[in-house]
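I opened the coordinates to log loops, cores and pockets. My entries follow in the order I looked things up.

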Amino acid sequence: MLSKEIQDALNNQIKNEYFSSYTYLSMAAYCESINMQGFATWMRLQSQEELAHAMRLFDYVLNRDGRVVLHAIDKPQTKFKSLKEIFQIVLDHEREVTGMINRLYEQAISENDHATSVELQWFIQEQVEEEKTANEVLDKLKLAGDSGSALLILDTQLAERSTVV
Ligand code: FEO
C-alpha cells in the first residue's frame with residue numbers, strides 16, 4: 001500500500017503534470033497566433049506528452065491500490081513577448097519539474113517505498129531529455145536573434161516533430 005504521504009505527493013504531481021500540459025497548450029496558442037505553425041505543432045505535442053506523464057502517475061497510484069484525488073489546475077501564462085521568452089520559460093519550468101521529481105524520489109527512498117522509487121526513475125531520466133531539448137531550442141533561438149529567415153528555418157525544423165515520448 002502507498003503511504004498517505006506518498007499518495008498525496010503523487011496526486012500533487014499529477015496536478016503539476018496537468019499544469020505543464022496547460023502551459024504548453026497556452027504556448028501553442030500563442031505560436032499559432034503569430035503563424036509559427038512548426039513551433040505550435042511542437043508545443044501541442046509537448047502538451048500531449050505532459051498528459052501522458054500525468055496518466056502514467058494516475059495509473060501508478062491506482063495500480064498500487066491508492067486513491068487518485070484530482071486537484072484544481074492553475075491558470076497558465078497567456079501572454080508572451082517572443083519565442084525566445086517562451087523557451088526560456090520552458091527551460092526554467094522543466095528545471096523546476098526536475099526538482100519536484102527529485103524531491104518525490106527522495107521521499108520514496110526515505111520511506112523505503114521501492115516500487116515508487118523505481119517508477120520515479122523513469123521520470124528522472126525523462127527530465128534529462130526534457131531539459132536537453134528545451135536548452136537546444138533556446139540556444140538556437142538565441143543564435144537566430146531577430147533574423148526572420150533563421151526563425152522560419154527553425155519553425156520548419158520544429159514542425160518535423162511527430163512523436164509524443
Ligand atoms: Fe512532465 Fe515536461 O515533464
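I started with Asp65, which I found in the loop between helix 2 and helix 3. For helices I took DSSP runs of H or I with at least four residues, and for strands runs of E with at least two, numbered from the N terminus. Asp65 is not a glycine, yet its phi is positive, at about 65°. I logged its relative accessibility as 58%, which counts as exposed. My classes are buried under 20% relative accessible area, exposed over 50%, and partly exposed in between, with a 1.4 Å probe and protein chains only.

A note on provenance: I am working on a predicted model, where local features need pLDDT of at least 70, side-chain atom pairs count only at pLDDT 80 or more, and totals for chains, interfaces and linings use all residues. Residues are numbered from 1 along each chain as its sequence is written, and side-chain values use heavy atoms, with hydrogens and water left out.

Next I checked Asn35. Asn35 sits in the loop between helix 1 and helix 2. This residue too is not a glycine, and its phi is positive at about 60°. Asn35 has 56% relative accessibility and counts as exposed.

Then I looked at the whole chain. I counted five helices and zero strands. The order from the N terminus is α-α-α-α-α. The C-alpha trace spans about 55 × 25 × 25 Å along its principal axes. Of the 165 residues, 45% are buried. I got an accessible surface of about 8900 Å², with 53% of it on carbon and sulfur atoms. Those areas come from the Shrake-Rupley method with a 1.4 Å probe; for residues, only the protein chains shown count as cover. Among contacts (heavy atoms within 4.5 Å) with a separation of 6 or more, 80% join residues 24 or more positions apart.

What does the largest nonpolar core hold? I define a core as buried Ala, Val, Leu, Ile, Met, Phe, Trp, Tyr and Cys residues joined through side-chain atoms within 4.5 Å. The largest has 24 residues, and Cys31, Phe39, Met43, Ile86, Phe87, Val90 and Leu141 touch the most other members. Helix 1 (4-33), helix 2, helix 3, helix 4 and helix 5 each supply at least two residues of this core. Another core lies apart from it, with 17 residues, including Val61, Val68, Leu104 and Leu120.

I followed Phe87 further. Beyond its neighbours within four places in sequence, Phe87 contacts Phe39, Trp42, Met43, Ala134, Val137, Leu138, Leu141 and Leu158.

Which residues lie nearest the centre of the largest pocket? I found Trp42, Thr133, Glu136, Val137 and Arg161 there, among 20 lining residues. A pocket here is an open set of points on a 1 Å grid over the protein atoms alone, where a 1.4 Å probe fits, with protein on both sides within 12 Å along at least five of seven lines; lining residues have an atom within 4 Å of a point. Its volume is about 370 Å³, taken as the space filled by probe spheres set on the points, which are joined across faces, edges and corners. Helix 4 gives the most to the lining, with nine residues.

Last, I checked Thr163, in the segment after helix 5. Thr163 is partly exposed, at 48% relative accessible area. Its C-alpha is 9.1 Å from that of Gln46, 117 residues away along the chain.
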